[in-house]
Structures are given as structure tokens and as C-alpha cells.
Amino acid sequence: MLALAAAAGAFDDDGDVDFEAPFEQLWMISEVRGEERGEESLTWQRLESDLEDKVRAKLDAVGEDALSNERRAMVEAPEEHLETVRLLSALPWVSSRWSIQKLISRSLAREQLVRFIADHGDEAEHLVREHMNPMASIVLTTLPNTRSREMRGDEALYLLARRLNVAQVCAAGCPDACDCAGRAPIVRNNRHLEDCPKGGRSAVHDAGRNTLRAMARAAGFEARTEEPGLIDNTAQRPGDAYIDDWDGQFGDLAIDLTVVSSQTTDPGEHRRRRQKVGRAARVAERTKELGRVTDSDELIADHLRRKGVTFMPIGMETTGATTPTWSTFIQQLSENAHERRGHDPIMFRRLWTVEMAMTLARRGARAGIRRARALAAACNGGRSGAGDGELGELGPLDVEMPVLTGDDGRGDGAPMAVGGG
Ligand SMILES: [Zn+2]
């Protein structure tokens, strides 16, 4: 499209208005993140059709403005005329910012995503959206240079299998259905292992909560977890992580962390989730925002505000998707870290984003593996399965006792690189 538009001379007269950057940005918003846009807002489709209109206008021009036969042939079959590449690369917006190879690579990447979803259907689309968030990818690029960033082999395998949509090695000895109330099927790469109510999702939540506390402390705050006595007359504890003197004006901060699965059995909700990155986290966060005090029906947010405490629910998905609330929080915390401890705000944000991503990934994988181990053991009449040969060669990897595989229960979120001013 770009090559034929260049051949038609369809780019604005001076040709210095970048087409690729805004196109990619709009494409990311709608096709990758799945965000809905108002009817009036600019879309990549509109950018494309505007360019097509300009090409058509050039083709339709008569008299002095008419295209030469040679140019017309290029527009009709740009791939047969190498000259179109020269015309494209001569455009100021291309020559100053882009290599032709990069334009081609980006176009291919976009095409591949669309084709992947078209070829593999709804589940593939869901898989893409689940993992198309920055936190999910951090795991793939992080070096194990602190203990909190080290991953066990079976954890890494679990996360890779989930991402690549191949069978979980640890599920090899599992029965067809889970033994929890929902009797969820344990099929190929089933995410139920890490989401099972009998499993370790609360461990993921608790590890995330501890990481929040560690972040706040690293920024120079007094911070605790599970603050008691915030709500009168009930045992409700909306302060998973509690930060003293967060804001001179509004006092303390109570963070209610909620870690949810991106999976759902509701067909309508499934459709919305597979089209929009982070939808499950946002919905969960919104539900928490509307949470009420049990005995008075007052909004928790209002109840805490009366006591000088800001209530901040933060939603996260087990695959790493978060919400704008998390971004706002870590942004503000990094500025506090700069003021209080002299940390570089950008480095602080990067470091703690990695810590949180690793916490969610490692704990989620561990929860899934443990669930698979428990199911396999129950399926084998209570035996651990290790070494008895019944699980075949895949057995030892996933049925080893935690103590043998380096799980020392040290907890997450205390990187050695941080602390001190
Ligand atoms: Zn289950």
C-alpha cells in the first residue's frame, strides 16, 4: 500500500508527514489492546481508506495532473516495479525515520497476528490478549541476577507451555477433570491448574501483596500488610498493603490487591476478554471499588475516607495484565522514592515492575504445578508418584517434593539491589 501510494504521489505534497507511526499506534490500540474507540475518533482503517482515496484521486486525475502510463503501471502492480521502493524510500518521512526493511517487518508482524487469530480461532485470540501485556513479556527478558528473579526449571517450562499453547508437562499424570467443586476439565494446557479454587491463587495474591509492601518500603514509607481494624464492627480487611502518610492531604493509603484469572466460562464475558487486554483485571478492580461495609452498607471507599484513608483497589491478572491504577500508583511511588530516598524514578519503576511481573509469573506457575502434583497424586491412590514409574518418564520433573526443588519459601519482592538511599 505504501509503495503504490508513493508511486501515485498520494502522500502530502512535501511528504514529511509520518504515516507509519500513527498507523502503528492506532493499530496497537484497537487490534492489540482491543480498546474501544468513539465513533468519531481516528482509526487505522480510516488512515488507510484516506490514503486509498488519495491514490484513487491521483488515478482519476486528467489533463496535466494525470499520472504517466509508467506510474499507472506501478500503482497497479507495485510488486513488479522495484522503482516503487526507490520512490517510497525517497519520501522525506521515510528517509528520515524508517528503513524499508523495518516497514516490511512491521507490516508482516501485523499480518501475522491477524492471520494467527483467523486461523486458530477464539482460543488463539484469547491467548494473544492474555499475554499481550508488558508484564507478561518481562519474564522472557529478565536475567536471574537476584534471587527474586530466579526461576526453577519446572516453573519456566510451565510459563513457556502456557504461552506457546502446548501441553503442560506437569499435567501428564492428572485425571481428566479436577476434583474441585466445578469439576473443571484438565485438558491440554488447561489454565485451570493455576486458577483452581483449591489451588494456590491466594498464594499468588499474598506474594503480590508482599511485593507491594516491599516497594513502598523501598520508596521510604512505613508499610504493612493486612492492616486490622480499618472497618468498624466487621472483620473486613481492605488494606492488603497499607502505607502510612502516603499523601499529606489524604493521609494513609489502603491498597486492596485482587489477582484474577483471565479465564471465564461465561461466553459473553469470554468474548469481551479475548478482545481486550486486561479486561478481567479492570472488572475485578471495579467490583472492589464498589465494595461495601458488611454491616452498614456504606461504600468501603467512603468509610475509609472518613478516617483519612484513601482506598485503592488494584486489579491484576495471573498472566500479568494490570490496570491504569497500577500505572498511576507506581508512577507516584517512584516520585516519592526520588524525594524520600533519592532513587532515580525511571529505574525505580522499571525495577519494581520487573519484581511484580516475576512475582506473578513464578507464583502462578508454582500454583499450577502444585495443583497438578496434588491431582496426579490423588489419581494414583495417594502415592506421590515419584519413582514408581507409573507416570512414565515425565514423572520426576513435576512430582518432586518442594524441598528438593529449591522452594525455600523465602517469599518474593525483596530484591537485593534495592533498599537504602
Ligand atoms: Zn479445580
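Colleague: Which residue follows H9, and is its phi positive or negative?

Modeller: Asn165 comes directly after H9, and its phi is positive, near 60°. Helices here are DSSP runs of H or I with at least four residues, strands are E runs of at least two, and both are numbered from the N terminus. The model is predicted, so local features need pLDDT of at least 70 and side-chain atom pairs pLDDT 80 or more, while totals for chains, interfaces and linings use all residues. Residues are numbered from 1 along each chain as its sequence is written, and side-chain values use heavy atoms, without hydrogens and water.

Colleague: What span does H9 reach?

Modeller: H9 covers residues 153–164, twelve in number, and runs 16 Å from first C-alpha to last, close to the 16 Å expected. The expected span is 1.5 Å times one less than the number of residues.

Colleague: Which residues of H9 are buried?

Modeller: In an α-helix there are 3.6 residues a turn, so residues three or four places apart point the same way. In H9, Asp154, Glu155, Tyr158, Leu159, Ala161 and Arg162 are buried (under 20% relative accessible area; exposed is over 50%, partly exposed in between, with a 1.4 Å probe and protein chains only). They sit on the same side of H9, because their arc around the axis is only 160°, taken from the directions from the axis to the C-beta atoms. The exposed residues Gly153 and Leu164 are on the face turned away from the buried side.

Colleague: What are the protein donors of the zinc ion?

Modeller: Donors are N, O and S atoms within 2.8 Å of the metal (3.2 Å for Na, K and Ca); water is not among the atoms, so sites may look incomplete. Here they are Cys178 (SG), Cys180 (SG), His192 (NE2) and Cys196 (SG), at 2.0 to 2.3 Å. Cys178 lies in the loop between H9 and H10 (192–195), and Cys196 in the loop between H10 and H11 (201–218), so the pair ties together parts 18 residues apart in sequence. Cys178 is buried at 0% relative accessibility, and Cys196 is buried at 1%.

Colleague: Why is the arrangement around the zinc ion called tetrahedral?

Modeller: Ideal angles for four tetrahedral donors are 109.5 degrees. Four donors count as tetrahedral if all angles lie between 85 and 135 degrees. The four donor atoms subtend 107 to 113°, which makes this arrangement tetrahedral.

Key:
Tetrahedral: all angles 85-135°; square planar, octahedral: opposite > 155°, others 65-115°.
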